[in-house]
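Work through the exercises below with the sequence and the model open. Each task is followed by a solution in steps.

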Amino acid sequence: MNRLAGTVALITGTASGQGRATALLFAAEGATVVGTDIDPDGAAETVELVRAAGGVMDSTHPLDLGDEAGVQAWIDAAAAAHGGTNLVVDGGWSAVLSGAN
Ligand SMILES: NC(=O)c1ccc[n+]([C@@H]2O[C@H](COP(=O)([O-])OP(=O)(O)OC[C@H]3O[C@@H](n4cnc5c(N)ncnc54)[C@H](O)[C@@H]3O)[C@@H](O)[C@H]2O)c1
């Protein structure tokens, strides 16, 4: 399965739940995954899991999704490192809705 070969996927909330599951699935499908989460330990563990499975992933953590400048810097760094981005999955969206700006 390589349905996402050649794509660069930005995924938030990669420390757990849907964000982690999406990172693992997209990487297994050939995407280069760029993750982020406010939880550094979980985020780092997801990177290890993806790489152990043979996938490609990097991550910026901790990063609070309420930090607009920080999120922009994460996006810009991903685009610069990988020549652009193709997909965005907001697995950490509840963080913003529940109080972060
Ligand atoms: N799991 C489901 O089946 C399901 C179904 C429908 C909707 N949802 C909703 O989708 C959202 C995600 O679900 P989940 O199960 O993956 O939750 P989760 O708690 O496992 O994952 C959310 C991730 O967001 C991160 N996060 C929290 N605050 C943050 C912040 N300020 N900045 C950056 N990252 C932050 C957390 O550290 C965590 O890793 C939730 O709002 C949930 O209610 C989940």
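**Exercise 1. The nonpolar core**

Task: Find which residues of the largest nonpolar core touch the most other members.

Solution. Start with the term: a nonpolar core is a set of buried Ala, Val, Leu, Ile, Met, Phe, Trp, Tyr and Cys residues joined through C-beta atoms within 7 Å. A residue is buried if 20 or more other C-beta atoms lie within 10 Å of its own, exposed if 12 or fewer, and partly exposed in between, with C-beta atoms placed from the backbone. The largest core holds 16 residues, and Ala9, Ala23, Ala27 and Val33 touch the most other members. Next, sort the core by element: strand E1 (8-12), helix H1 (17-28), strand E2 (32-36) and helix H3 (68-82) each give two or more residues. E1 supplies the largest share, 4 residues. Helices (H or I, at least four residues) and strands (E, at least two) are DSSP runs, numbered from the N terminus.

The model is predicted: local features need pLDDT of at least 70, side-chain atom pairs count only at pLDDT 80 or more, and totals for chains, interfaces and linings use all residues. Residues are numbered from 1 along each chain as its sequence is written.

Last, take Ala9. Contact is defined by C-beta atoms, placed from the backbone, that lie within 7 Å. Leaving out residues up to four places away in sequence, Ala9 touches Leu4, Phe26, Ala31, Val33, Val34, Asn86, Leu87 and Val89.

**Exercise 2. The sheet**

Task: Give the order of the 4 strands in the open sheet, and state whether the pairing is parallel or antiparallel.

Solution. Two strands pair if DSSP finds at least two bridges between them. The order is E3-E2-E1-E4, and the pairing is parallel. Strand E3 (56-60) and strand E4 (87-90) each have a single partner strand, so one side of each has no neighbour in the sheet. Ignoring direction, neighbouring strands are turned by 20° against each other on average.

Now go through the pairs:

- E2 and E3 are joined by 5 bridges, and Gly35 has Ser59 as its bridge partner in E3.
- E1 and E2 pair over 5 bridges; the partner of Ile11 in E2 is Gly35.
- E1 and E4 pair over 4 bridges; the partner of Ile11 in E4 is Val89.

**Exercise 3. Two strands, two patterns of burial**

Task: For E1 and E3, state which side chains point which way and whether they are buried.

Solution. In E1, 5 of its 5 residues are buried. Val8, Leu10 and Thr12 point one way, whereas Ala9 and Ile11 point the other way.

**Exercise 4. Buried or exposed?**

Task: Classify Ala27, Ala77 and Asp76.

Solution. Ala27, in helix H1, has 25 other C-beta atoms within 10 Å and is therefore buried. Ala27 touches Val33, Val50, Ala53, Gly55, Val56 and Met57, not counting residues up to four places away in sequence. Ala77, in helix H3, has 13 C-beta neighbours inside 10 Å, so Ala77 counts as partly exposed. Asp76, also in helix H3, has 11 such neighbours and so counts as exposed.

**Exercise 5. A cis peptide bond**

Task: Which form does the peptide bond from His61 to Pro62 take, cis or trans?

Solution. Most peptide bonds are trans. The bond from His61 to Pro62 is cis, with omega near -5°. Pro62 sits in the loop between E3 and H3.

How values were computed:
Contact = placed C-beta atoms within 7 Å. Axes fitted to C-alpha atoms, helices over the stretch in contact; angles between N-to-C directions.
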